[in-house]
Amino acid sequence: MYQYELEVLEKYGIHTDNLVRGRGAWICETEGGLCILQEYPGSVQKLIWQKLLQEKIEDAGYALTDMLLPNLEGELYSRDRAGTVYILRNWYRGRECDTHAAADIRRGTQTLARIHSVMSIPFQEQYTPPSLYEECMRHNREMKRTAVFLKKRRKKNEFEELLSGCMEEFIRQGEYAVEKMQGICERQFVSQGETSVCHGDYTHHSVLFSGTQTIVTGFQKWNFERQSADLYRYMRKILEKNDWNDQIFVQILDWYQEIRQLDSEEKMDLLLRLSYPWKNWKLVNYYMQNPKNMPLKKNMEKMLKILRQEKNWLEFVQKVVRTP
């Protein structure tokens, strides 16, 4: 059943029949501790820089990481007999950051600020994502296409009727956010020489606590966005879990800046990201990317959760996100 994965582990000198499925990968116990094996669809060249970033963080003593491990040939990736690329990383027993525990939120926030202070490498344009403005413009076009699709759809189920009735408001919110970005975020973040790096996927799921030790995981999406994008992703997930409590926003911002001050462009970037209706777009995108005859329950649960939080989110945006 796990033949390919076991063969890949042999390339690291690991012989085991004890693989446990977890986090979309395979966790195995070795003499050196836990490791996690997973398929890797990205650039293998990017792995070299990822390992360098992880080494900088660990050398500074700010956190442990899911450090990439080389195989017996010294490569940071291995292929199975079908040509699929795998990576092997260190793994740890620990608990995720609790989004309702102030101590955990603070610890995760200040860990992010600390690792940001050492995450820098020579700038490489190929690892620069589209600008925030370009990304949100694309999402707005996708929502408009969905509105047209729903309008033409003759037989709508309960979810589609509800979504169709909300699309005009979703689009309005998206266009309002993009209007504020125009002229400020149209240009990509561009730099030269040694440049700060964004983790790319820093959320409460990426932060594990094991006693007094903090572990940061999931570096595969690192890129050259402003580091405020990391703070936004971490902050948004926590704010969603706490019904967009603006006091938690203030606390997270203060905790981060106790360690690392945001400059004016990063503060603007953070606020503009918080002003876009990402949850609405994600629901629309999920609907369009999946079969239209799929069970209603999951989509309805997502939709109703968005509607329950809509008032709190709009009040948060109005109170916290100032018009540039």
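**Sheet and pocket in a predicted model**

Modeller: In this predicted model, five strands build an open sheet in the order 1-2-3-6-5, with antiparallel pairing. Strand 1 (19-22) and strand 5 (78-79) are the edge strands.

Biologist: What makes strand 1 and strand 5 edge strands?

Modeller: Each of them pairs on one side only.

Biologist: How do you know that strand 2 and strand 3 pair?

Modeller: Two strands pair if there are at least two bridges between them. Strand 2 (residues 25-30) and strand 3 have five bridges, in the antiparallel sense, so they count as a pair. In one of the links between strands, Trp26 has Leu37 of strand 3 as its bridge partner.

Biologist: What lines the largest pocket, and how many residues are charged?

Modeller: The largest pocket holds about 1,100 Å³ of space. Of its 38 lining residues, Gly200, Asp201, Thr203, Lys221 and Arg233 are the closest to the centre. By class, the lining has 15 charged, 13 polar and 10 nonpolar residues.

Biologist: Which element supplies the largest share of that lining?

Modeller: Helix 6 does, with four residues. Among the elements that each supply at least two residues are strand 3 (33-39), helix 4 (132-152) and helix 9 (278-289).

Notes. Residues numbered from 1 in each chain as written. Predicted model: local features only at pLDDT ≥ 70, side-chain atom pairs only at ≥ 80, totals over all residues. Heavy atoms only, no water. 1 Å grid on protein atoms, 1.4 Å probe; cavity = no way out; pocket = protein on both sides within 12 Å on 5 of 7 lines; lining within 4 Å. Points joined across faces, edges and corners; volume = space filled by probe spheres on them. Nonpolar A, V, L, I, M, F, W, Y, C, P; charged D, E, K, R; others polar.
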